[in-house]
Amino acid sequence: MDFSWLSDPFYQEYLVEGLINTLWLLLVSAVAGLILAVAMAMARIKGPRPLAWLATGVTAVIRGTPLLVQLFFFYYGVGRLLEGIPGIQDSIFWGLLRDPFFYATLTFTLSVGAYSGEILRGALLNVPPGEREAGRAYGFHPWQVFVHLWLPRAVQLCLPTLTGEMILLLKSIPLVSTIAMMDLLQAANIIRDETFLTYEPLLLIAAIYLLLTIILTLVLQQLERHFPGVQPQRRRCRWRVQARHG
């Protein structure tokens, strides 16, 4: 095994850029995707029928087609289509519309929104209606009931599943190397082409992704343990056990 190339600042720059882009793509796609997931879940539960049909259709398309195909569709399809619009290349938006990061973020956001939206929809429907009725009895407006009671309770119910979705998102990011975006896998491919080393760059990238997955898992596990409503329940359960044995 030859890892002497790791001391070369030229390759270090590629790796650092790839790591930064990977983390940014994970963060932006996760946050935007979860916001979209809430909107899609509520559209299917409470929205007008046309909006519910639209959310159902988008969910079916996103979940029924490969993620790589979606990435190609937006980057090579929509991106090339936008190039042909008169004046678009002279607009202030062209810098964004020609950036692979934009299309990668769009693709992953829609993917997270579709999959997590279905998870949230099931969790929202499983929240006992009595909890919402109690909020209304205390004088909460419908929006306050949703923000302070219904949504947090649903997230609490499906948080372990959402954790798995975030890990799957992280492991999907190497697909962006197919649209010439610099990520960890693209950095490894460049290093392989220039050093003629096959295994060492890939082993390094695999180790980095394993480390990122472990860190992400630990962070999300801490979120699960300290999520509002979880700790009081655990304390109540612990008190009941002590009361039985006391």
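Guide: Begin with the loop between helix 7 and helix 8, where A180 is placed; helices (H or I, at least four residues) and strands (E, at least two) are DSSP runs, numbered from the N terminus. This is a predicted model, in which local features need pLDDT of at least 70 and side-chain atom pairs count only at pLDDT 80 or more, while totals for chains, interfaces and linings use all residues. Residues are numbered from 1 along each chain as its sequence is written, and side-chain values use heavy atoms, with hydrogens and water left out.

Visitor: What is phi of A180?

Guide: Phi of A180 is near 65°, a positive value in a residue other than glycine.

Visitor: Is A180 buried or exposed?

Guide: Buried means under 20% relative accessible area, exposed over 50%, and partly exposed in between (1.4 Å probe, protein chains only). A180 has a relative accessible area of 56%, so A180 is exposed.

Visitor: Which residue sits just after helix 8 with a positive phi?

Guide: That residue is F196, with a phi of about 60°, although F196 is not a glycine. F196 belongs to the loop between helix 8 and helix 9. Its relative accessibility is 71%, so F196 counts as exposed.

Visitor: How many residues does helix 8 have, and what is its reach?

Guide: The expected span of a helix is 1.5 Å times one less than its number of residues. Helix 8 has 12 residues and reaches 16 Å from its first C-alpha to its last, close to the 16 Å expected at 1.5 Å a residue.

Visitor: Which residues of helix 8 are buried?

Guide: An α-helix has 3.6 residues a turn, so residues three or four places apart point the same way. In helix 8 the buried residues are L184, Q186, A187, A188, I190, I191 and T195. They pack against helix 1 (9-45) and helix 9, where contact means heavy atoms within 4.5 Å.

Visitor: What describes a pair of packed helices?

Guide: Two packed helices are described by the angle between their axes and the distance between the axes. Axes are lines fitted to C-alpha atoms, for helices over the stretch in contact, and angles run from 0 to 180 degrees between N-to-C directions. For helix 8 (residues 184-195) and helix 9 (residues 199-226), the axes come within 9 Å and cross at roughly 165°. That makes helix 8 roughly antiparallel to helix 9; angles under 35 degrees count as roughly parallel, over 145 as roughly antiparallel, 65 to 115 as roughly perpendicular and the rest as oblique.

Visitor: Which residues meet between helix 8 and helix 9?

Guide: From helix 8, L184, L185, A188, I191 and R192 meet P201, L202, I205, I208, Y209 and L212 of helix 9. By class, the residues of this contact are 10 nonpolar, no polar and one charged. Ala, Val, Leu, Ile, Met, Phe, Trp, Tyr, Cys and Pro count as nonpolar, Asp, Glu, Lys and Arg as charged, and the others, Gly among them, as polar.

Visitor: Is the crossing of helix 2 and helix 5 left-handed or right-handed?

Guide: A crossing is left-handed if the near helix is turned anticlockwise from the far one by less than a right angle, and right-handed if clockwise. The crossing of helix 2 and helix 5 is left-handed, whereas helix 8 passes helix 9 in a right-handed crossing. The axes of helix 2 (residues 49-64) and helix 5 (residues 100-126) come within 9 Å and cross at roughly 110°. Helix 2 and helix 5 are therefore roughly perpendicular to each other. Here T59, I62 and R63 in helix 2 meet L110, S111, A114, Y115 and E118 in helix 5. This contact has four nonpolar, two polar and two charged residues.

Visitor: At what angle do helix 1 and helix 5 pack?

Guide: The angle between helix 1 and helix 5 is about 40°, and their axes are 5 Å apart. That makes helix 1 oblique to helix 5. Their contact residues divide into 21 nonpolar, eight polar and three charged.

Visitor: Which residues does S29 touch?

Guide: S29 is placed in helix 1. Not counting residues up to four places away in sequence, S29 touches T105, F108, T109, V112 and L169. The relative accessible area of S29 is 0%, so S29 is buried.
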